[in-house]
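Here is a short note for a colleague who is opening this structure for the first time. Please read the points with the model on screen.

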Amino acid sequence: MSLNITGPDVKLWTEMRTAMTVAQLGSVRAASTALGIHRATVTRHIDALEADLGIRLFLRHAEGYAVTADGEALKRLADSTDRLVESFMAEATISPDDLSGSLTISLLASNAPLVMPAIDAFCRDHPNVQINLLAESGLSRLELGQADIALRTGPKPDNPDYVVVPFQREPVGLFGHRRYFDGAELPRSVEDLTMHRLIGTRSAGGTIDVCARFDVPKEALTLVTNDPSIALRAVEAGMGLGILYGSDGSLGAPLIEVLVQSERRTSDVWIVTHVDLHRTTLLQTVLQYLRA
């Protein structure tokens, strides 16, 4: 049996709801009581549905209605629908105090310090929820279930299926290790950067941060990585100058910030969720902790 419904058909779905109730309860009288409609209406819905589909869903007998093989398929559909409704109601009415399960947050490793206080507070208050932190090298696809919440750095994401809210503005700076400057002078201007070894971090969209912020040609780069934590390790190893995120100028004596501006450079960080999951109790509760 197959249905080919090309558009919304209220009459057909009303008839199917009536037939599914009869299939589950086994009698017209029980279905009439459950649905709050007259028994004659129940019979009329079943007769019309069987005529529309060209199949027999029920065998009538003195004690009620017995489902045929095609009617069994309808009963399985009814049982499945009930389970989905029960699952939805359980999710919709769950109290934040009873949260359980797991939730995945994707973010750049350099952004982890921004969320740790909120995650720590959430885990203390909700010990039955497991938080999975996914350090991403590319952009997690929320619509594919790769993450529930994503922290994105840079321009505001423009995917129409995403709910995007501002999170923080993190400071960024251009740094080099003291070891690197043993054999090189500090740059005094942007033009001086082409005489230095440069380390760039490539975003998922292909943009390289040093090139974008200082208009440096890609040919001037010594090393390019897609992970800011690797860029940090390269800077700490004295390989060259690189942009470090979340830095406030106090990373420690071995690192020296160059080309410091009177107004510190910043990069926007966004909280991103999928529109279909944004209102679920678990996500909303985690978002409250992040915003706090």
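1. Start at helix H9, where Thr281, Leu282, Leu283, Gln284, Thr285, Val286, Leu287 and Leu290 are buried. Buried means under 20% relative accessible area, exposed means over 50%, and partly exposed lies in between, with a 1.4 Å probe and protein chains only. Eight of the 11 residues of H9 are buried, so the helix is largely enclosed by the rest of the structure.

2. A word on the source. This is a predicted model, in which local features need pLDDT of at least 70, side-chain atom pairs count only at pLDDT 80 or more, and totals for chains, interfaces and linings use all residues. Residues are numbered from 1 along each chain as its sequence is written, and side-chain values use heavy atoms, with hydrogens and water left out.

3. Now the overall picture. The protein has nine helices and 11 strands. Helices (H or I, at least four residues) and strands (E, at least two) are DSSP runs, numbered from the N terminus. Of the 292 residues, 40% count as buried. Take contacts between residues at least 6 apart in sequence: 68% of them join residues at least 24 apart. Contact means heavy atoms within 4.5 Å.

4. What does the largest nonpolar core hold? It has 21 residues, and those with the most contacts inside it are Leu103, Ile105, Ile149, Leu151, Val286 and Leu290. Strand S3 (101–107), helix H5 (112–125), strand S4 (129–135), strand S5 (149–153), S11 and helix H9 (281–291) each give two or more residues to this core. A nonpolar core is a set of buried Ala, Val, Leu, Ile, Met, Phe, Trp, Tyr and Cys residues joined through side-chain atoms within 4.5 Å. A second, separate core has 19 residues, including Phe181, Leu193, Phe214 and Leu221.

5. Leucine 290 is worth a look. Not counting residues up to four places away in sequence, leucine 290 touches Val115, Ala118, Ile149, Phe167 and Ile271.

6. Next, threonine 273 in strand S11. Its relative accessible area is 1%, so it is buried. A polar contact of 2.7 Å joins its side chain to that of histidine 278. Such a contact is a pair of N or O atoms within 3.5 Å; within protein, one must be able to donate a hydrogen and the other to accept it, and residues adjacent in sequence count only if both atoms are side-chain atoms. Leaving aside neighbours within four places in sequence, threonine 273 is in contact with residues including Asp148, Ile149, Val163, Leu283 and Leu287.

7. Histidine 274 also lies in strand S11. At 10% relative accessibility, histidine 274 counts as buried. Neighbours within four places aside, histidine 274 is in contact with Leu142, Glu143, Asp161 and Tyr162. A polar atom of the histidine 274 side chain lies 3.1 Å from the backbone nitrogen of aspartate 276.

8. Check two backbone angles. Most residues other than glycine have a negative phi. Aspartate 215 has a positive phi, near 55°. Leucine 259 has a positive phi of about 55°. Aspartate 215 sits in the loop between helix H7 (209–214) and strand S8 (221–225); leucine 259 sits in the loop between strand S10 (255–258) and strand S11 (266–274). Buried or exposed? Aspartate 215 is exposed, at 70% relative accessible area, whereas leucine 259 counts as buried, at 15%.

9. S1 and S2 form it, with two residues between them. Four bridges join strand S1 (residues 58–61) to strand S2 (residues 64–67), and the two run antiparallel. Leucine 59 has alanine 66 as its bridge partner in S2. Two strands pair if DSSP finds at least two bridges between them.

10. Last, rings and cysteines. Rings of Phe, Tyr and Trp (its six-membered ring) pair if their centres lie within 6.5 Å; planes under 30 degrees apart count as stacked, over 60 as edge-to-face and the rest as tilted. By this rule there are three aromatic pairs. In one, the rings of tyrosine 180 and phenylalanine 181 have centres 5.2 Å apart and planes at 75°, so the pair is edge-to-face. Both residues, tyrosine 180 and phenylalanine 181, are buried. The structure holds zero disulfides, a disulfide being a pair of cysteine sulfur atoms within 2.5 Å. Cysteine 123 is partly exposed at 30% relative accessibility, whereas cysteine 211 is buried at 13%.
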